[in-house]
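Subject: Structure handover

Hello,

Here is the structure I said I would pass on. My notes on it follow below.

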Amino acid sequence: MSSSSTASISQARKAVEQLKMEACMDRVKVSQAAADLLAYCEAHVREDPLIIPVPASENPFREKKFFCTIL
Amino acid sequence: MPCTWVMACAYAPSGCAIACGGLDNKCSVYPLTFDKNESMAAKKKSVAMHTNYLSACSFTNSDMQILTASGDGTCALWDVESGQLLQSFHGHGADVLCLDLAPSETGNTFVSGGCDKKSMVWDMRSGQCVQAFETHESDVNSVRYYPSGDAFASGSDDATCRLYDLRADREVAIYSKESIIFGASSVDFSLSGRLLFAGYNDYTINVWDVLKGARVSILFGHENRVSTLRVSPDGTAFCSGSWDHTLRVWA
């Protein structure tokens with residue numbers, strides 16, 4: 001009985017320590033964080049071949065026009 | 001390469017070795033060799049030992065360290081050469097199913113998701129949990145960092161994917177639809193972070209617009225549940241693996 005209650009007390013202490021640590025964390029406002037995510041997307045969208053398709057000459061997955069034939 | 005049921009595998013950054021593990025509770029590293037005379041199994045090195053199955057493993061920035069996640073509820077950082085445990089991460093209340101390392105070279109954090117519905121961000125050096133998020137309603141199957149490293153997405157058995165911002169310390173988006181009732185098993189971002197690809201247990205892959213929160217497209221093709229999904233490093237395509245024994249590359 002007492003061992004399980006001491007175990008849960010120590011668990012509760014750990015949880016309190018963890019929460020104290022987390023409460024001290026500096027938080028950024030969501031409007032700022034979201035704006036940063038947007039900015040990152042905008043900045044990198046050119047490099048993303050899945051959004052801006054690369055010309056067929058460079059795309060390794062393009063439809064193949066010339067097929068190999070067995071001679 | 002002989003191994004019992006494999007649940008996780010990873011390439012070393014140099015491409016010279018691979019790590020894998022699963023129900024054998026261990027993570028083993030195999031140095032790769034193209035020499036046909038050498039048997040890969042002979043060079044196998046057991047690096048990690050957990051008390052339950054290995055659910056995920058990943059090399060850190062070097063070939064020398066491996067991070068593992070296990071059904072025993074812990075994550076651990078191991079030295080490959082000596083097999084020594086460098087750091088262990090306790091905090092999940094149930095099996096840890098997935099992990100992902102922060103993208104930057106200087107980053108020292110990783111995120112893990114578990115059956116306790118929580119995603120936790122850890123400091124690799126201190127072993128401390130830095131942030132925890134518990135908004136999913138079921139097991140978190142997959143976590144993946146946003147390319148900038150300031151956010152991460154998670155896919156869960158509750159049929160939603162969610163985006164958490166690390167600096168705001170909260171969930172900022174939910175990707176779900178009433179018509180989607182099967183769990184998401186695996187998520188990954190496109191190169192710019194604009195698209196989120198998620199594989200589901202209803203055999204489909206949904207593509208979400210990260211910023212708008214809306215589904216862009218749904219991809220059919222697999223004949224059984226999609227269990228894993230990864231975008232290629234150059235971003236030109238992504239590959240999905242499924243219980244239908246196939247791997248499909250989508251471009």
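Leaving aside its neighbours within four places in sequence, which residues is A237(B) in contact with? The contacts come from both chains: L50(A) and F61(A) on one side of the list, and V231(B), S232(B), V249(B), W250(B) and A251(B) on the other. Please keep in mind that this is a predicted model.

A237(B) itself sits in the loop that runs between β21 (226-231) and β22 of chain B. The residue has 2% relative accessibility, and because buried means under 20%, A237(B) counts as buried. S190(B) is 47 residues away from A237(B) in sequence, yet the C-alpha atoms of the two are 8.8 Å apart in space.

The end of chain B

One of the residues involved is S240(B), whose bridge partner in β23(B) is R248(B). Four residues lie between the two strands of this hairpin, and H245(B) takes a positive phi there, near 65°.

T60(B) is found in the loop between β5 (54-59) and β6 (65-70) of chain B. With a relative accessibility of 9%, T60(B) falls under the 20% limit and therefore counts as buried. Not counting residues up to four places away in sequence, T60(B) touches P13(B), Q65(B), L77(B), L101(B) and M124(B).

Chain B as a whole

The secondary structure of chain B consists of 23 strands and zero helices. The C-alpha atoms fill a box of roughly 50 × 40 × 30 Å along the principal axes. A compact globule of 251 residues would have a radius of gyration near 18 Å, so the 17 Å of chain B agrees with that expectation.

Of the 251 residues in chain B, 53% are buried. If one takes the contacts in chain B between residues at least 6 apart in sequence, 37% of them join residues at least 24 apart.

As for the surface, chain B exposes about 10,900 Å², and 51% of this is supplied by carbon and sulfur atoms. The side chains of chain B include 19 positive and 28 negative ones. The centres of these two sets lie 2 Å apart.

Regards

Notes:
Residues are numbered from 1 along each chain as its sequence is written. Chains are lettered from A and ligands numbered from 1 in the order in which they are written. This is a predicted model: local features need pLDDT of at least 70, side-chain atom pairs count only at pLDDT 80 or more; totals for chains, interfaces and linings use all residues. Side-chain values use heavy atoms; hydrogens and water are left out. The radius of gyration is taken over C-alpha atoms; the globule rule is 2.2 Å times the number of residues to the power 0.38. Buried means under 20% relative accessible area, exposed over 50%, partly exposed in between (1.4 Å probe, protein chains only). Contact means heavy atoms within 4.5 Å. Accessible areas come from the Shrake-Rupley method with a 1.4 Å probe; for residues, only the protein chains shown count as cover. Lys and Arg count as positive and Asp and Glu as negative; His and the chain ends are not counted. The place of a charge is taken as NZ of Lys, CZ of Arg, CG of Asp or CD of Glu. Two strands pair if DSSP finds at least two bridges between them.
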